[in-house]
Amino acid sequence: HLMDDGRSRLTPRRAGSAMRAVGTRWRELASAYLPAAVAIVFLSWTGIGLPVAAWLTVRFQFLGQIVMREDLSGSAARARAGELVRHRWWHTAVVALIVWAGIHALGVLLGLLLLVAFTSLPLWTITAVVLVAQIALTPLGAIALTMLYGDAVAQREEQLRTPVPVA
């Protein structure tokens, strides 16, 4: 229900308005993403913090969707992301890994195909084609993760509606 609100049809006008919406909410997006990114980078550099960095990376998968669709920002958006991923961390991690690994694998396979089929192409050309392919596929990954977000929201709402039996 949350994802099927009639605003999702892709038209040039709607795509432009989506870009403008992101532009107008850049402060809210930055207040949600920057502290998370700094923490993840810092923890990754320490080595021992790498498992925590991986955990945070999955925990904050839905920040963009939360900021844009739920009108939250900063720590409220990060708290909501944690709430949505709670009890779904492995599911979120596996789906995100499959989506992003699939996008990168398709780009690399295209590059290998070009490398074998057209041996005279310069390496920079093959690299550019791989990069363009990955950029072109990235919106599909974002759509898949937005659908995962919608699933998490629906499951969370269902949990809140279901009464807890008293023993």
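User: How many aromatic pairs does the structure hold?

Analyst: This is a predicted model, and the structure holds two aromatic pairs.

User: What makes the pair of W89 and W90 edge-to-face?

Analyst: Let's take the values in turn. The ring centres of W89 and W90 are 4.9 Å apart, and rings pair if their centres lie within 6.5 Å. Their planes stand at 85 degrees, and planes over 60 degrees apart count as edge-to-face. So the pair is edge-to-face.

User: Why is W89 called partly exposed?

Analyst: W89 has 21% relative accessibility. Buried would need a value under 20%, and exposed a value over 50%. W89 therefore counts as partly exposed.

User: Which residues have the most contacts inside the largest nonpolar core?

Analyst: They are F60, F62, L63, I66, A77, L84 and Y149, in a core of 24 residues. The helices α2, α3, α4, α5, α6 and α7 each supply at least two residues of this core.

User: What is F60 in contact with, leaving aside its neighbours within four places in sequence?

Analyst: F60 is in contact with A36, I40, R78 and A81. Contact here means heavy atoms within 4.5 Å.

User: How do the axes of α4 and α5 cross?

Analyst: They come within 9 Å of each other and cross at roughly 115 degrees. The crossing is right-handed. On the α4 side the residues are L63, I66, V67 and E70, which meet A77, R78, R80, A81 and L84 in α5.

User: How do the residues of that contact of α4 with α5 divide?

Analyst: Into six nonpolar, no polar and three charged. Glu and Arg count as charged, which means that E70, R78 and R80 are the charged residues here.

User: Where do α2 and α5 make their contact?

Analyst: The axes of α2 (residues 26–46) and α5 (residues 74–85) come within 8 Å and cross at roughly 65 degrees. E28, S31, A32, P35 and A36 of α2 make the contact with G74, A77 and R78 of α5. These residues divide into four nonpolar, two polar and two charged.

User: What does the secondary structure of the protein come to?

Analyst: Seven helices and zero strands. Of the 167 residues in the protein, 28% are buried.

How values were computed:
Residues are numbered from 1 along each chain as its sequence is written. This is a predicted model: local features need pLDDT of at least 70, side-chain atom pairs count only at pLDDT 80 or more; totals for chains, interfaces and linings use all residues. Side-chain values use heavy atoms; hydrogens and water are left out. Axes are lines fitted to C-alpha atoms, for helices over the stretch in contact, and angles run from 0 to 180 degrees between N-to-C directions. Helices (H or I, at least four residues) and strands (E, at least two) are DSSP runs, numbered from the N terminus. Rings of Phe, Tyr and Trp (its six-membered ring) pair if their centres lie within 6.5 Å; planes under 30 degrees apart count as stacked, over 60 as edge-to-face and the rest as tilted. Buried means under 20% relative accessible area, exposed over 50%, partly exposed in between (1.4 Å probe, protein chains only). A nonpolar core is a set of buried Ala, Val, Leu, Ile, Met, Phe, Trp, Tyr and Cys residues joined through side-chain atoms within 4.5 Å. A crossing is left-handed if the near helix is turned anticlockwise from the far one by less than a right angle, and right-handed if clockwise.
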